[in-house]
Amino acid sequence: MFRRSTLRQAALLIAGSAILAFGLYQVHSHSGVTEGGVLGMTLLLRRWFGISPSASELVMDLCCYGLGWKLLGRGFLLRSLGASVSFSLFFRLFEQFDPLWPQLAELPLVAAVAGALFVGVGVGLCVRAGGAAGGDDALAMSIARLTGAPIERAYLLTDAVVLVLSLSYIPVGRILYSVLTVVISGQLIGLMQRIPFPKKQSAE
């Protein structure tokens, strides 16, 4: 029998991966507003080499998980692999459909905020479950564990490198919107990590 806590973790990981994949495909992939970290790198590879994030995300995640395995533990690695596979499957599913909001390309501010909400909630659920939805999440969690810094600051550090590389195909004006989306999503992830689970009421 699975423990209730294990089932809750699995449900959070699957839900978070689905939300993340939906937002990355429906918002970021079609709006010209990117993400940082591995998520942003998958979009960069898609733009320049036509590599689907459903494949590149999994490969890069495995590399990052290898770096954080010793620090974050075997349980974290297994949960993260599950989240990563779920993300790839959900992204592949969503790719079969046309974008719901193609007009977001003309509304970068709306795209930045909407994308941040999907990423912040999706990744936040996975982090809350003790796993990582992507390699950049594993890296940020490792940095936060090593330095004691809030996880949102660790995200900003890792995101900056990818945003600079993204200048190769995204205008500076759009990158500023991308900075906005990573700041908002990072704050949401940190907030969701700190919200306590409701305590079980004891039987009277």
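Me: Why is Gln 103 called partly exposed?
Reply: Gln 103 has a relative accessible area of 42%. Buried means under 20% relative accessible area, exposed means over 50%, and partly exposed is what lies in between, with a 1.4 Å probe and protein chains only. The value of 42% falls in between, so Gln 103 is partly exposed. This is a predicted model, in which local features need pLDDT of at least 70 and side-chain atom pairs count only at pLDDT 80 or more, while totals for chains, interfaces and linings use all residues. Residues are numbered from 1 along each chain as its sequence is written, and side-chain values use heavy atoms, with hydrogens and water left out.

Me: Where is Gln 103 placed, and how many residues separate Gln 103 from Ser 31 in sequence?
Reply: Gln 103 is in the loop between α4 and α5; helices (H or I, at least four residues) and strands (E, at least two) are DSSP runs, numbered from the N terminus. Gln 103 and Ser 31 are 72 residues apart in sequence, and their C-alpha atoms are 8.1 Å apart in space.

Me: What makes Ile 184 buried, exposed or partly exposed?
Reply: Its relative accessibility is 24%, so Ile 184 counts as partly exposed. Ile 184 is found in helix α8, residues 172-194. Leaving aside neighbours within four places in sequence, Ile 184 is in contact with Val 113 and Ala 116, where contact means heavy atoms within 4.5 Å. Between Ile 184 and Ala 116 the C-alpha separation is 5.8 Å, although they are 68 residues apart along the chain.

Me: How do you know whether Thr 158 is buried or exposed?
Reply: Thr 158 has 11% relative accessibility and therefore counts as buried. Thr 158 lies in helix α7 and touches Gly 37, Leu 139 and Ile 143, not counting residues up to four places away in sequence.

Me: And what is the label for Phe 94?
Reply: The relative accessible area of Phe 94 is 15%, so Phe 94 is buried. Phe 94 belongs to helix α4. Contacts beyond four places in sequence are Ala 18, Ala 21, Phe 22 and Tyr 25. Leu 71 is 23 residues from Phe 94 along the chain, with 33 Å between the C-alpha atoms.

Me: What makes a set of residues a nonpolar core?
Reply: The members are buried Ala, Val, Leu, Ile, Met, Phe, Trp, Tyr and Cys residues joined through side-chain atoms within 4.5 Å. The largest such core has 43 residues, of which Leu 20, Val 123, Val 127, Met 141 and Tyr 155 touch the most other members. Helices α1, α2, α3, α4, α5, α6, α7 and α8 each supply at least two residues of this core. Apart from it lies another core, of 5 residues, among them Val 27, Val 33, Ala 111 and Ala 112.

Me: Which residues does Tyr 155 touch?
Reply: Not counting residues up to four places away in sequence, Tyr 155 touches Val 123, Val 127, Asp 136, Asp 137, Ala 140 and Ile 189.

Me: Why does the radius of gyration agree with a compact globule?
Reply: The rule is 2.2 Å times the number of residues to the power 0.38, with the radius taken over C-alpha atoms. For 204 residues a compact globule would have a radius near 17 Å; the protein has 16 Å, which agrees. The protein has 8 helices and 0 strands, and 49% of its residues count as buried.
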